[in-house]
Amino acid sequence: MKKKALAIAAAACAAAMLLSGCGSSSNNNASAESNIITVNGCEPAKPLVPSNTVETCGGDPISEMFSNLVRFDDKGNAQNEVAESITANDDMTQYTIKLKDWKFSDGTTVKAENFTKAWSWAANAKNAQLGSSFFNVIKGYDDLQKSGLKGDEQLSGLKVVDDKTFTVDLNEPSSTFPILVGYAAFAPLADSFFKDPKAFGNKPVTNGPYTFQSWDHNQFIKLLKNKDYKGTATVNNDGLTFKVYTDTEAAYKDVQAGNLDAMDTVAQSAIKTFKTDSSVQAVESAGSVLQYFIFPADMQYFAQGDKAGLLRRQAISMAVNRQQIIDKIGNGTNTPAVDFTAPVIPGYSDSLKGNEYLKYNKEKAKAAWDEANKISPIPSDYVFKISYNADGGGKDTYDAIANSIKNTLGINAEATPIPTFSEFNNTIEKRQIKNAFRQAWQPDYPSPDSYLKSLYSSGAADGNGSNNGDYKNAKFDSLLSQAASAKTTDEANKYFQQAEEQLLADMPSVPLWYANAKGVAAKGVKNFKMNWQNVPIYEELSKK
Amino acid sequence: MGRYLLRRILQVIPVVLGTTLLIYALVFALPGDPVTAMFGGKPVNQAVAAQIRAEYNLDKPFIVQWLIFLKNSLTFDFGNTFAGQPVIDVVGRAFPVTIKLGLMAFVFEGIFGVIFGIISGLNKGKWYDTVILVLSLLLISVPTFVTGFVMQYFFGVKWHILPVTVSANPGFLDLLMPAMVLGSVSMASIIRLSRTEITSNIAEDYVRTARAKGMSNSSVTVRHILRNSLIPVVTYLGADLGALMGGAMISERIFNIQGVGNTLYQAILRGEGTLVVSIVTIMVLIFVVCSLFVDLLYAVLDPRIRYA
């Protein structure tokens with residue numbers, strides 16, 4: 001009897017298995033009529049709150065849903081968006097901001113208070129926002145980092161004048177503040193946010209080119225065109241759907257098959273072929289991500305402030321045959337670096353004094369190395385090491401860099417991997433790497449400031465920022481503050497270029513190349529191009 | 001039988017305690033700090049980092065973290081992921097898809113594996129036995145991701161017969177190709193296994209005796225040869241059901257299925273202890289239940305096996 005019961009159970013079980021597999025097949029081409037654009041995305045690491053989103057999975061939908069005081073055009077120039085005007089006082093320490101008459105998607109007006117309260121909430125350590133440190137330029141920031149806060153304390157530097165006007169007091173002069181406020185964390189938040197931040201994160205109230213429609217976790221984030229939008233972005237489609245992909249290979253195949261309209265990157269397997277692939281449209285242009293490697297300021301034989309050290313740093317830089325490595329290993333999808341920012345950033349120059357140190361030159365490299373050895377000899381068994389994280393696919397590249405140095409200078413050089421990015425970052429943070437190491441930088445806002453101040457200023461050294469080599473130079477710092485007090489962006493950019501020339505004279509790091517922005521779109525999708533952030537201009541895509 | 005069942009079920013308790021502790025220790029030992037990683041290369045605000053550590057108990061030793069997890073799981077409170085979603089929701093979204101995929105692969109490999117195995121085994125030396133032999137060797141030797149990419153390219157991208165990737169709430173057609181890819185290697189193994197068993201059982205004394213008694217050919221085949229040949233196949237299938245759940249990751253990545261494999265992989269990358277432990281514990285439970293089921297099924301197939 002028992003045996004029979006079990007057999008029946010087994011049969012029932014098998015039947016259930018079969019049935020569970022026979023659900024309804026879902027429909028892929030429902031949106032053939034409408035002009036909804038589907039692009040590749042990923043599952044946001046945090047709820048959709050602008051100040052808590054520091055990665056692209058949440059960042060891309062957020063920048064399409066929220067409009068800040070300014071919005072960046074394709075070239076990275078800031079245009080007034082919600083701001084009617086942003087005016088600085090004489091010493092650039094106070095800004096008066098007037099707002100246009102805008103509305104949130106819930107119908108409420110975008111008031112000055114929606115900015116000041118949002119910024120204070122984001123800066124307040126009690127609210128644990130990952131983007132909080134962007135507000136450290138505003139007066140009162142330090143008071144909001146103490147313990148025992150309730151979470152609703154306000155930044156003392158923000159004052160509401162009336163519904164459409166507020167003032168911002170800064171800790172120090174900054175000409176880049178009107179650019180900084182274009183960064184996603186500076187978005188205004190509707191009143192409903194402060195009542196229930198958690199609910200907001202799953203269903204944000206927005207004021208940008210798109211409104212939020214739905215978020216099906218691990219599957220889709222759907223946005224709809226905001227019919228009342230009156231900002232600077234051109235919206236050519238009726239909605240955007242970010243479809244979650246865990247692997248770019250799968251996304252690329254969907255573009256080839258016409259199931260996905262556009263993607264912001266190219267699958268590794270298609271790097272060599274995507275430009276000639278007739279089933280997709282390809283885009284490739286110089287991007288804003290800079291790849292470089294850095295010498296710790298106190299690195300033995302390479303120390304800052306030491307003549308022999310400087311000559312050796314220059315020798316290493318001139319020993320890296322950038323173009324050859326790009327052609328052989330990067331499949332030509334990078335552009336050799338000639339400065340410390342990137343070509344898509346306003347203020348970039350390809351004719352900085354001293355940029356010959358960033359070009360491959362075998363004779364000069366060898367001469368500089370030999371001269372350094374005359375001042376203070378390096379042991380003949382010295383091995384020049386570059387550390388990199390092995391999980392980012394850098395092995396071939398960094399082996400090639402080490403070989404280039406080895407062959408040019410006739411010294412021992414090797415690339416030393418650290419298994420994961422996270423472990424790599426930890427060792428850097430603890431200053432445990434005593435040799436050169438890999439770095440890459442993607443700017444947060446389109447200004448040289450986002451590269452230079454974050455990466456080389458004394459204020460960002462010693463663990464207080466991303467100056468991981470602890471380079472410190474008073475002259476460089478003062479050029480940055482002159483740029484900060486400049487009256488116009490052009491004037492500021494002149495000082496930034498001088499600051500870059502100081503970097504070329506000191507060589508705290510070796511810029512390698514700008515990673516090209518690469519992407520593909522399905523046939524029939526119009527207006528496919530990249531913005532300064534290496535992201536397709538999603539709002540301009542259209543299928544009509 | 002009842003006592004046996006009870007004993008097997010009680011065995012689950014130390015297994016679950018042991019695995020959760022082990023997994024917690026492993027996640028804790030992963031190099032790198034998950035909270036620093038959240039800042040994604042942006043400046044780390046230490047006051048904020050401390051808040052986040054306290055919220056997820058990451059500032060406590062791992063034994064304490066484990067005890068807190070155990071205590072909370074007694075009330076079915078598995079905590080939140082770093083993204084602020086309840087772990088139970090994430091698990092609840094991931095498992096149905098993978099179970100569907102795993103069962104489809106299971107049915108696929110079971111049915112086709114046994115059918116081809118029987119054809120091969122009963123017709124040893126015929127031309128189609130050779131063809132099946134070559135094909136199954138090919139499937140075993142080619143890695144799953146190669147089979148996956150090749151099928152995806154031809155059936156999906158080139159000929160538009162099946163969906164290239166899997167959409168939300170996948171149906172039968174969506175999962176057909178991933179399930180075939182996932183089950184292909186095991187199917188080939190089952191073909192080999194059942195073929196070998198059948199060819200050796202045909203030559204057994206009891207088969208000759210049965211024929212000598214004048215039993216019909218079909219009755220000899222079904223009741224004597226196949227029944228005895230299927231015992232090792234059932235063992236293999238039972239163990240494989242658990243392995244399919246864990247091994248689904250490659251299929252899930254290729255066809256963009258947001259199932260257990262993908263979720264687990266990303267949880268490990270982010271160093272999310274509670275999510276990793278929750279997923280692995282459920283997988284352990286599935287494995288334990290499957291192997292219990294297989295052990296009980298033996299008794300049905302082989303009357304000599306009895307459980308006291």
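Trainee: Which residue stands opposite A:F437 of strand 16 of chain A?
Mentor: A:I294 stands opposite A:F437 in strand 16 of chain A. Before we go on, this is a predicted model, where local features need pLDDT of at least 70 and side-chain atom pairs count only at pLDDT 80 or more, while totals for chains, interfaces and linings use all residues. Residues are numbered from 1 along each chain as its sequence is written, and chains are lettered from A and ligands numbered from 1 in the order in which they are written.

Trainee: OK, and how many bridges join strand 12 to strand 16 of chain A?
Mentor: Five, with strand 12 (residues 280-294) and strand 16 of chain A running antiparallel. Two strands pair if DSSP finds at least two bridges between them. Strands are DSSP runs of E with at least two residues, helices are runs of H or I with at least four, and both are numbered from the N terminus.

Trainee: What does strand 14 of chain A do with strand 16?
Mentor: Strand 14 (residues 383-389) runs parallel to strand 16 of chain A, joined by two bridges. There, A:S387 has A:F437 as its bridge partner.

Trainee: Is strand 16 of chain A mostly covered or uncovered?
Mentor: Mostly covered: five of the six residues in strand 16 (residues 436-441) of chain A are buried. Buried takes 20 or more other C-beta atoms within 10 Å of the residue's own, exposed is 12 or fewer, and partly exposed lies in between, with C-beta atoms placed from the backbone.

Trainee: And how many residues of strand 1 of chain A are buried?
Mentor: Six of six in strand 1 (residues 36-41) of chain A. Both faces are covered, with A:I36, A:T38 and A:N40 on one side and A:I37, A:V39 and A:G41 on the other. Strand 1 of chain A pairs in the parallel sense with strand 10 (residues 239-244) over six bridges, and A:I36 has A:G239 as its partner there.

Trainee: New topic. What's the strand order in the open sheet of four strands in chain A?
Mentor: The order is 4-5-7-6, with antiparallel pairing. Strand 4 (83-88) and strand 6 (158-162) of chain A each have a single partner strand, so one side of each has no neighbour in the sheet. Neighbouring strands are turned by 20° against each other on average, direction ignored.

Trainee: How many bridges join strand 5 to strand 7 of chain A?
Mentor: Five bridges join strand 5 (residues 94-99) to strand 7 (residues 165-169) of chain A, running antiparallel. A:I97 has A:F166 as its bridge partner in strand 7 of chain A.

Trainee: Which helix packs on the sheet?
Mentor: Helix 3 (residues 112-123) of chain A, touching strand 5, strand 6 and strand 7 of chain A. Its direction makes about 170° with that of strand 6 of chain A. For such angles, axes are lines fitted to C-alpha atoms, for helices over the stretch in contact, and values run from 0 to 180 degrees between N-to-C directions.

Trainee: What does A:W119 touch?
Mentor: A:F135, A:I138, A:L155, A:L158 and A:F186, not counting residues up to four places away in sequence. Contact needs C-beta atoms, placed from the backbone, within 7 Å. In the largest nonpolar core, A:W119 and A:A315 touch the most other members of its 219 residues. A core like that is a set of buried Ala, Val, Leu, Ile, Met, Phe, Trp, Tyr and Cys residues joined through C-beta atoms within 7 Å.

Trainee: Switching to chain B, where are the domains?
Mentor: Domain 1 of chain B is 2-73 and domain 2 is 91-301, with bounds from an automatic or database domain assignment. Their centres, taken over C-alpha atoms, are 33 Å apart. The contact takes 15 residues from domain 1 and 13 residues from domain 2 of chain B. On the domain 1 side, helix 1 of chain B gives the largest share, 10 residues.

Trainee: Last one: how many residues of chain A are in contact with chain B?
Mentor: 53 residues of chain A, against 52 residues of chain B. Helix 1 of chain A gives the largest share of the chain A side, nine residues.

Methods. Contact = placed C-beta atoms within 7 Å.
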